[in-house]
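Please consider the following briefing on one protein chain, shown below with its sequence and structure.

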Amino acid sequence: MARPKVHPANRLRAYEACLFCRTSKRRCSGSFPCQNCIRKGQAHSCMPSRRRESFSASRQPNTPDAPSGPVAAITPSQVLPSTDSQRHAPLANPVDQGSASPEAPHKTRPRMLRSLQGERVYVGRAASLSFLQLLRDTVTQHIGPSQFSHNVKLEDMLETEPPKNVSPDFDDQLDLQQRQALLRAYQIATSGFLYLMPESELMQLLHNRRCDTGHAQHTTALLDVMIAIGAQSHKHDPTKVQIEHFFFARGQRRAFVSLLENPSLEMVCLFLLMSFYMLGACRRNAAFMYLGVAARAAVALGLHIDVSGSLSVNEQQRRACVWMSLCNLDLLVSSILGRPPATASLRSETGASITEALQRNDLAEEGLVALFNLAQILDETITRLYSEKAASAQVAESILEKLKRWSDGLPESLLAPPGTEQECLAAQDRVIGSLHIACSYHFAIIIVTRPFLISTLGVRLARVHDGLAERNLGDVFSENPVHSRLALACTDSALYMLQTCLEIHRSHLLLGNMCILKAFIFAAALVVGFSLFSQKDPNPDLEEAFTGAIDILHMFSQQSAQAGHYYEILSFLRNAIAEQRQRLSNQDQSSKSQYVSKLFSLNGRRASRQTDGAVTVNLATLTSPFDMNSVPLEWEGMELPFWDSFPFTEETLPLQDRTSDMNPL
């Protein structure tokens, strides 16, 4: 029977084949060790095959310090990947093993996902979605197809449809107290990230909303979007959903009718807030584009330069707050999506004068400045680590030192918790602001150290899977100590973030929808889940943190389709971890001798040392439209895209959404 056709977009192509698969002309899974080598029991000798172009003269320039003898053996953690677009570009000189730490090749790859309208959108290698795909491939290589690793919508980017039927006018149905409550929720939701105006000015804006002055007309749209964000962040309430949709639709309509023609400070604030709202509404591409509009308007107004000599102190202070808020959200969103930020090239023009313009009279301004300084370090991380073929451990350690100095210089007012539970409830915006700053710090640590976590856990998975720890194989698959140290920092940072979020969650201080926090939690949970998947024995701290992340996302899923999708992914990952543990436990209980194997079993399979690590799928229990006799039972001849319609027996979790139309994943 002919092999079924597979669309080229759905084919899984190995980025780089191992030496064994290349010489034997077999399909390689692209991981090290690859699935073929694991099945053959030779995982310890699986190494990437380097292309001839990789050894060009540009790779090793003739210098007095360059070795003239034969090339030394290279471990998989030291191999740099090469692509057609990168072969002719000169590489950095190899790092001296005696003076500095080696590099870790990037295993995550940029992705082109389909948007809701079918357009291909870019997601960079630093994004959690790219790391998720690497984790899916790794899980597939060790336990086979699963609900976590295979899905017919893997190439889609989850987005929700805008509401089609907006509720009638709510403007006259909300009294002043209700509006104040929604603005209070807005302040809590944006605490630590944005600070566009003090509370006194916000209340004055609320009382003067019906004035007919030109300035009031311009700020009405701003007030509408603030109320929409406050309603969006409330616990699930159908009335709040209707209020959210009405006020955002009206604010968005006013923004494009009157404010898009001429740049103003209100216009920058408006598009910045609409971007924040779109993140909570699971429309990340729209949020990214709105940030671009806000950035260009800010440049037209000169917010990125020092104009201290020509403006009043109050005007300078407000401009500085708006600019730093824009930079904070732009850097965080771009880091989450792995895309270049709109304000990256402009941040060098600001210098220290922008932060010095703030008098820092209250805690909100202190938090804004702290996150602005952290955002600059995060920008440096993306530029220096993820724009190269491999992540330099020396660069990573230098960035970690900057992050340490940043954390040591934080004011005590941002770190001191409220004394009693009543004080926590009264100062919820302060607690959430500190939480946002702390999670941003831990997220930055994860971004810096994640390439080294991938390198280290790849070696550990190979050793655990094939029992290399019990063999005398020298340094074939030994861990790099520098990579291991950075990998530990990645796991610890993810653990601390989840523990902090879980503590706030148990105090009932989290809002119903927190657009940036749910992305942070998902990124940290993937790191913890990867660590658990590579371990044979349970880790109580990591287990509790991973379960806590799932619980928090389940709470967010009542209002956020994105959080519901994250919850589903992590739930499937938890099942994959349990299956991996069971397989490793069964492998430990089986005979380790190469001279004897189990001859008979009721499941009809002969268990041997070579098949202990192979994937066992009971095809007899599965219903499939194709002829099972035509399916190759060995992974060697298996086309992974052929299993995209793998007939799982369990139903997937239905995502709860606040709109009726949603692009399913």
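**A helix pair and its setting**

In this predicted model, helix α12 (residues 363-385) and helix α13 (residues 393-408) have axes that come within 11 Å and cross at roughly 180 degrees, the axes being lines fitted to C-alpha atoms over the stretch in contact, with angles from 0 to 180 degrees between N-to-C directions. The two helices, α12 and α13, are therefore roughly antiparallel, a term for angles over 145 degrees. Local features need pLDDT of at least 70 and side-chain atom pairs count only at pLDDT 80 or more, whereas totals for chains, interfaces and linings use all residues. Residues are numbered from 1 along each chain as its sequence is written, and side-chain values use heavy atoms, without hydrogens and water.

**Contact of α12 with α13**
- Contact (heavy atoms within 4.5 Å) involves, among others, Leu374, Ile377 and Arg384 of α12, and Val395, Ile399 and Trp406 of α13.
- The residues of this contact comprise 9 nonpolar, 3 polar and 3 charged.

**Helix α18**
- Helix α18 (residues 515-533) has 19 residues that should span 27 Å at 1.5 Å a residue, and its end C-alpha atoms lie 28 Å apart, which agrees.
- Because 19 of the 19 residues of α18 are buried, this helix is largely enclosed by the rest of the structure, where buried means under 20% relative accessible area with a 1.4 Å probe.

**The chain as a whole**
- The protein chain has 20 helices and 4 strands, which are DSSP runs of at least four residues (H or I) and at least two residues (E), respectively.
- Of the 665 residues in the protein chain, 52% are buried.

Methods:
Parallel < 35°, antiparallel > 145°, perpendicular 65-115°, else oblique. Nonpolar A, V, L, I, M, F, W, Y, C, P; charged D, E, K, R; others polar. Buried < 20%, exposed > 50% of the residue type's maximum accessible area, 1.4 Å probe, protein only. Expected span 1.5 Å × (residues − 1).
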